[in-house]
Amino acid sequence: MPTRERIVTYGVSTTAAATIAVAALLQPWRGDAVRDPVHEAPPVVSSRHAVDVVFAVDTTGSMGGLLEGAKRTVWSIATHIRKTDPDAQLRIGLVAYRDLGDDYVTRDFSLTSDLDAVFTELSSYQAAGGGDTPEDVDAALYDALHKMAWRDGARKLVFLVGDAPPASRGDVPRFDVLAREASDKQILLNTIRCGQDRDTEVAWQQIASLGHGQFSTIQEDGGVQQIATPYDDKLAELSARIDSTTVIVGDDGDRKEYQRHMAAAAVAPAPAKADRAAYYATKGGGGPGGARAAKDLVGGVASGALSVDGIAPSALPEDLRGMDKPTLKAEIAKRAELRRSAQEELSKLSTQRDEYLKTRAKDETGGEGGFDTKVKAAIDLQLK
């Protein structure tokens, strides 16, 4: 039986209930010991608005255009989910897949509500490998179904995206068996074919049919068309201002991880930065108190989940460790007000940008639609 390489990665949850101890266990993979996601217990969710979405994406050499398009539009897709269901408790997971003989067969990133962590992971994907036409689609589907901590009662969606048919290696069940299993688990299995390969079309249609999802075709390069707006730069500036108010409590590794996410966001194109800002402007887009990270003291204090008095100086960033409690409280209050003011302005500009996009949005892909268009269309059908 072939040996399949695994790279398992975790995102940091932004839920208010995250404690320092729990969040420390959920940090994205940095090359140290990893935990088996099969044994991860999904969080208990009482709301009927839990939405879990996994993207299983071919990352072989021919998929460079699609990957770049996905990196640019993941924030827009997340915002679309929020607008489709304003109360959505959204988590996104990723499965990158290739085939035997490549650097990896699958690379999994567990379902998380930390969209900055998702974007950072997605930004790290590079198109490479492949060679022969079939790819290990079976392995990708197996990981999407079995390696993700799906929540009971959640709306569950998978988007399988690729340009090559399955290469069944015998180490996991075939794609058709897994598609039926997805149906049994009430996981909607959508397929998006890149390009015009006929064998891929046949397999993708079968997978979507058995998984009660949508089949669609896009251009080989992903067909993504982003519209620049006059509001993008200002939205990005306001969003960066909010990010700068964050105070991460924990150890230096936690703060480095946060800075890694900020670095990935900083080099995104202006429309993607604006999409990120728009996501955080939606209801529930950020954590309590406007937090964009699980360990943010400013958001924790604003929501009442944390207290300055309960934070040890050693858990603070170096520039705040020497402050006495009254001075630290004043600093946190100052940052909270800066955040509130910027968030208010961001929300107004985001609404104006939405109106602008409604008047300018056109399908520039010959009626076929791009990656983000197909995902949003499936979301409209499956979440409403």
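The model I am reading is a predicted one.

I then checked the extent of H12. The helix runs over residues 371-383, which is 13 residues, and reaches 18 Å from its first C-alpha to its last. That is close to the 18 Å expected at 1.5 Å a residue.

**Entry: the whole protein**

I stepped back for the totals. I find twelve helices and seven strands in the protein. Of its 384 residues, 54% are buried. I also looked at contacts between residues at least 6 apart in sequence, and 80% of these join residues at least 24 apart.

**Entry: helix H7**

I turned to H7, residues 232-244. Its 13 residues should span 18 Å at 1.5 Å a residue, and the end C-alpha atoms are 18 Å apart, which agrees. Which residues of H7 are buried? I noted Asp232, Leu235, Ala236, Leu238, Ser239, Ile242 and Asp243. Seen down the axis of H7, these buried residues fall within an arc of 165°, so they line one face of the helix. Asp233 and Ser244 are exposed on the other side of H7. Among the elements that cover the buried residues of H7 are H8, H9 and H11.

**Entry: H7 against H9**

I followed H7 to one of its covering helices. The axes of H7 and H9 come within 8 Å and cross at roughly 55°. That makes H7 oblique to H9. The crossing in which H7 passes H9 is left-handed. From H7 I listed Asp232, Asp233, Leu235, Ala236, Ser239 and Asp243, which meet Ala270, Pro271, Lys273, Ala274, Arg276 and Ala277 in H9.

**Entry: H9 against H11**

I stayed with H9, residues 270-281, and took H11, residues 325-360, as its partner. Their axes come within 9 Å and cross at roughly 115°. H9 and H11 are therefore roughly perpendicular to each other. H9 passes H11 in a left-handed crossing. On the H9 side I noted Pro271, Ala274, Asp275, Ala277, Ala278, Tyr280 and Ala281 as making the contact, and on the H11 side Gln343, Leu346, Ser347, Ser350 and Arg353.

**Entry: H3 against H8**

I looked up another helix pair. H3 (residues 115-123) and H8 (residues 252-266) pack at an angle of about 65°, with 9 Å between their axes. Their crossing is left-handed. In H3 I found Asp116, Ala117, Phe119 and Thr120, and they meet Arg260, His261, Met262, Ala264 and Ala265 in H8.

**Entry: two loop residues**

I looked for Ala228 and found it in the loop between E7 and H7. Leaving out residues up to four places away in sequence, Ala228 touches Pro271 and Tyr356. I also checked Ala228 against Arg360: they are 132 residues apart along the chain, and their C-alpha atoms are separated by 9.8 Å.

The loop between H7 and H8 holds Val249. Is Val249 buried or exposed? I put it down as buried, because its relative accessible area is 1% and the cut-off for buried is under 20%. Val249 and Ser314 lie 65 residues apart in sequence, yet their C-alpha atoms are 8.8 Å apart in space.

**Entry: positive phi**

I ended with backbone angles. Most residues other than glycine have a negative phi. I noted two residues with positive values.

Gln186 has a positive phi of about 60° although it is not a glycine. I located Gln186 in the loop between helix H5 (175-184) and E6. Gln186 counts as exposed, because its relative accessibility is 63% and the cut-off for exposed is over 50%.

His212 has a phi near 55°, also positive and also in a residue other than glycine. I located His212 in strand E7. At 52% relative accessibility, His212 counts as exposed.

Key. Residues are numbered from 1 along each chain as its sequence is written. This is a predicted model: local features need pLDDT of at least 70, side-chain atom pairs count only at pLDDT 80 or more; totals for chains, interfaces and linings use all residues. Side-chain values use heavy atoms; hydrogens and water are left out. Helices (H or I, at least four residues) and strands (E, at least two) are DSSP runs, numbered from the N terminus. The expected span of a helix is 1.5 Å times one less than its number of residues. Axes are lines fitted to C-alpha atoms, for helices over the stretch in contact, and angles run from 0 to 180 degrees between N-to-C directions. Angles under 35 degrees count as roughly parallel, over 145 as roughly antiparallel, 65 to 115 as roughly perpendicular and the rest as oblique. A crossing is left-handed if the near helix is turned anticlockwise from the far one by less than a right angle, and right-handed if clockwise. Contact means heavy atoms within 4.5 Å. Buried means under 20% relative accessible area, exposed over 50%, partly exposed in between (1.4 Å probe, protein chains only). The arc is that of the directions from the helix axis to the C-beta atoms.
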